[in-house]
Amino acid sequence: MTTRTLALRVLPPQLVGPRAQRLIERNMLVSKRAWMIIVSGFFEPVFYLLSLGIGMGRLVGEVAGPGGTTLSYAAFVAPALLAASAMNGAVFESTINIFIKLRYGKIYDAILATPLRPWDIAIGEITWSLIRGVLYSTGFVVVMAAMGLVATPLAILAIPAATLIGFAFGAVGMAATTFMRSWQDFDLVMLFMLPLFLFSATFYPLDVYPPALRALVQLSPLYHGVELVRAFTLRSFDLGILGHVAYLIALGSVGLMVAGRRLRALLNP
């Protein structure tokens, strides 16, 4: 079986459309020359887990878990790091790489000479970022299970949860990239992502925040992603899961619509 055939069978064409799948195939073939960059993305959350969850966790001890239970700090932080890594991977894939292709490589101008349209580009690029995210999420869940940081076999559902986080942030990231004009605009991306990473109940339970800040934290997209992943890894299921899923789907859908329209305006002036 050829590499081309393997690439075409990654996803059924009905899920992303046969034309968008051609762009996924193109990205797969290009990534063969940059496989070290893709593989290295797996280690960042693992290093965070070892340093913060295991290292600092020895100083913190146990923290309050769902339902009045207690759990180790590593078990509390691990699902949050999985959610944050899904956010980081999706944002960097859909901002820096897209910006280079759009502003410098003029890749999309060449692609439009084929039957692909701007909407196919938006769907194809976001789907490609999700494929990478699934690889990282799967590896990280395996590491969590090997370290005894999951409380139920349903932790496998953390993988689609991380994929949903990647969809939400990837779509918004791509939409934001279409408005960027220079590399300096990426400072705004970091200005947005760093507070999300630090203040989305990633390292501390929500109840330790002052009451005035809790509502602000709960508006964070990453907070909903963290709570969703924690629900599956710590076996804390309630109806709040539906709210987290709806929030992320709505955010990703809006981002996808904006990205598609902006690409059409930029590439078909």
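Is Glu-125 buried or exposed? In this predicted model, Glu-125 is buried, because its relative accessible area is 3% and the cut-off for burial is under 20%.

The protein chain has a secondary structure of 13 helices and 2 strands. Of its 269 residues, 46% are buried, and its accessible surface comes to about 13500 Å², with 69% of that belonging to carbon and sulfur atoms. Among contacts between residues at least 6 apart in sequence, 74% join residues that are at least 24 apart. As for confidence, pLDDT averages 83 over the chain, and 90% of the residues score at least 70. Residues 1-10 call for some care: pLDDT stays under 50 there, although the model has 16 contacts beyond four places in sequence for them. Where pLDDT is low, the predicted coordinates should not be read in detail.

Back to Glu-125, which sits in helix H8 (residues 118-146). The 29 residues of H8 should span 42 Å at 1.5 Å a residue, and the end C-alpha atoms are 43 Å apart, which agrees. Just after H8, Gly-148 takes a positive phi of about 75°. The side chain of Glu-125 makes a polar contact, at 3.2 Å, with the side chain of Asn-27. Beyond its neighbours within four places in sequence, Glu-125 is in contact with Asn-27 and also with Leu-23, Ile-98, Lys-101, Tyr-108 and Met-174.

An α-helix has 3.6 residues a turn, so residues three or four places apart point the same way. Helix H3 covers residues 18-31, and its 14 residues should span 20 Å at 1.5 Å a residue; the end C-alpha atoms are 20 Å apart, in agreement.

The largest nonpolar core has 69 residues, of which Met-87, Ile-121, Phe-169, Met-174 and Leu-222 touch the most other members. Helix H6 (residues 73-104) gives the most to this core, with 18 residues. Leaving out residues up to four places away in sequence, Met-174 touches Glu-125 along with Ser-94, Ile-98, Ile-121, Ala-122, Ile-126, Ala-259 and Leu-263. A second, separate core has 5 residues, including Ala-201, Leu-206, Tyr-209 and Val-217.

Ala-201 also stands out for its backbone. Most residues other than glycine have a negative phi, yet phi of Ala-201 is positive, near 60°. The residue lies in the loop between helix H10 (186-198) and helix H11 (211-218), and Ala-201 counts as buried because its relative accessibility is 1%. Lys-106, likewise not a glycine, has a positive phi of about 55°. Lys-106 is found in the loop between H6 and helix H7 (107-111), where its relative accessibility of 44% makes Lys-106 partly exposed.

Val-63 lies in strand E1 (residues 62-64) and counts as buried, at 13% relative accessibility. Val-63 and Tyr-73 are 10 residues apart in sequence, and their C-alpha atoms are 6.0 Å apart in space. Neighbours within four places aside, Val-63 is in contact with Tyr-73 as well as Thr-69, Thr-70, Leu-71, Ser-72 and Phe-76.

Definitions and conventions:
Residues are numbered from 1 along each chain as its sequence is written. This is a predicted model: local features need pLDDT of at least 70, side-chain atom pairs count only at pLDDT 80 or more; totals for chains, interfaces and linings use all residues. Side-chain values use heavy atoms; hydrogens and water are left out. pLDDT is the predictor's confidence in each residue, from 0 to 100. Contact means heavy atoms within 4.5 Å. Helices (H or I, at least four residues) and strands (E, at least two) are DSSP runs, numbered from the N terminus. The expected span of a helix is 1.5 Å times one less than its number of residues. Buried means under 20% relative accessible area, exposed over 50%, partly exposed in between (1.4 Å probe, protein chains only). A polar contact is a pair of N or O atoms within 3.5 Å; within protein, one must be able to donate a hydrogen and the other to accept it, and residues adjacent in sequence count only if both atoms are side-chain atoms. A nonpolar core is a set of buried Ala, Val, Leu, Ile, Met, Phe, Trp, Tyr and Cys residues joined through side-chain atoms within 4.5 Å. Accessible areas come from the Shrake-Rupley method with a 1.4 Å probe; for residues, only the protein chains shown count as cover.
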